[in-house]
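Please walk through this structure with me, from the overall outline down to single residues. Keep the sequence and the 3D view side by side.

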Amino acid sequence: MQHTQNLKLKKPDLTDNVLISDLNENMDVLDQAVGELQKTTESIGDLEKNLNEHLLAQMPHRFFDNGKWYRWGFRTENGEPQFIYEEVIE
C-alpha cells in the first residue's frame with residue numbers, strides 16, 4: 001500500500017484488498033484538513049474586513065494624554081497629507 005505525499009492518505013494497490021476502515025480513516029484526515037482550511041479562510045476574511053474598516057476610518061487611532069482621550073489619523077487635502085486629531089468627548 002502506498003500513501004499520498006502530503007496527508008499520508010492510504011492508497012491501496014490494485015492487488016490490495018480495500019478495507020472500509022482505511023477509507024474511513026482517509027475521510028477523517030480529509031475532513032480535518034478541510035476544516036482547518038475553512039477556519040483559516042474565515043480568519044483571513046475577518047482580517048480583511050477589519051483592515052478595510054480601519055482604512056476607511058478617518059481617525060482610527062486613540063491615545064491618552066493628561067487625563068483625556070484623543071483620536072487621530074491622517075487625511076489628504078489638496079494632495080498634501082495632514083495629521084489630524086481631536087479630543088474624544090463621550
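Phe74 is exposed, with a relative accessible area of 54%. The model is predicted, so local features need pLDDT of at least 70 and side-chain atom pairs count only at pLDDT 80 or more, while totals for chains, interfaces and linings use all residues. Residues are numbered from 1 along each chain as its sequence is written, and side-chain values use heavy atoms, with hydrogens and water left out.

Stay with Phe74. The rings of Phe74 and Phe83 have centres 5.9 Å apart and planes at 65°, so this pair is edge-to-face. Rings of Phe, Tyr and Trp (its six-membered ring) pair if their centres lie within 6.5 Å; planes under 30 degrees apart count as stacked, over 60 as edge-to-face and the rest as tilted. Phe83 itself is partly exposed, at 48% relative accessibility.

The structure holds 7 aromatic pairs. One of them joins Trp72 and Phe74: the ring centres are 5.7 Å apart and the planes stand at 85°, so this pair is edge-to-face. Ring pairs link Phe63, Tyr70, Trp72, Phe74, Phe83 and Tyr85 into a cluster.

Which strand holds Trp72? Trp72 is found in strand 4. Helices (H or I, at least four residues) and strands (E, at least two) are DSSP runs, numbered from the N terminus. Trp72 counts as partly exposed, at 22% relative accessibility. Leave aside its neighbours within four places in sequence. Trp72 is then in contact with Met59, Pro60, His61, Arg62, Phe63, Phe83, Ile84 and Tyr85. Contact means heavy atoms within 4.5 Å.

Now compare Trp72 with Pro12. The two are 60 residues apart in sequence, and their C-alpha atoms are 63 Å apart in space. The outline of the chain gives the setting. The C-alpha atoms fill a box of roughly 75 × 35 × 15 Å, taken along the principal axes. The protein chain has a radius of gyration of 27 Å, whereas a compact globule of 90 residues would have one near 12 Å. This radius is taken over C-alpha atoms, and the globule rule is 2.2 Å times the number of residues to the power 0.38.

The protein chain has 1 helix and 5 strands. From the N terminus on, the order is β-β-α-β-β-β. Of the 90 residues, 9% count as buried. Among contacts between residues at least 6 apart in sequence, 9% join residues at least 24 apart.

Which residues are among those touching the helix? Not counting residues up to four places away in sequence, Asp22 touches Met1 and Lys10. Asn26 also has its place in helix 1. Asn26 is buried, with a relative accessible area of 12%.

Most residues other than glycine have a negative phi. Lys8 has a positive phi, near 55°. Lys8 lies in the loop between strand 1 (2-3) and strand 2 (10-11), and it counts as exposed at 52% relative accessibility. Asn78 is not a glycine either, yet its phi is positive at about 55°. Asn78 lies in the loop between strand 4 (68-77) and strand 5 (80-87). Asn78 is exposed, with a relative accessible area of 75%.

Last, the surface and its charges. The accessible surface of the protein chain comes to about 8,000 Å², and 52% of it belongs to carbon and sulfur atoms. Accessible areas come from the Shrake-Rupley method with a 1.4 Å probe; for residues, only the protein chains shown count as cover. The chain carries 9 positive and 17 negative charges, and their mean positions are 4 Å apart. Lys and Arg count as positive and Asp and Glu as negative, while His and the chain ends are not counted. Each charge is placed at NZ of Lys, CZ of Arg, CG of Asp or CD of Glu.

Methods
Buried < 20%, exposed > 50% of the residue type's maximum accessible area, 1.4 Å probe, protein only.
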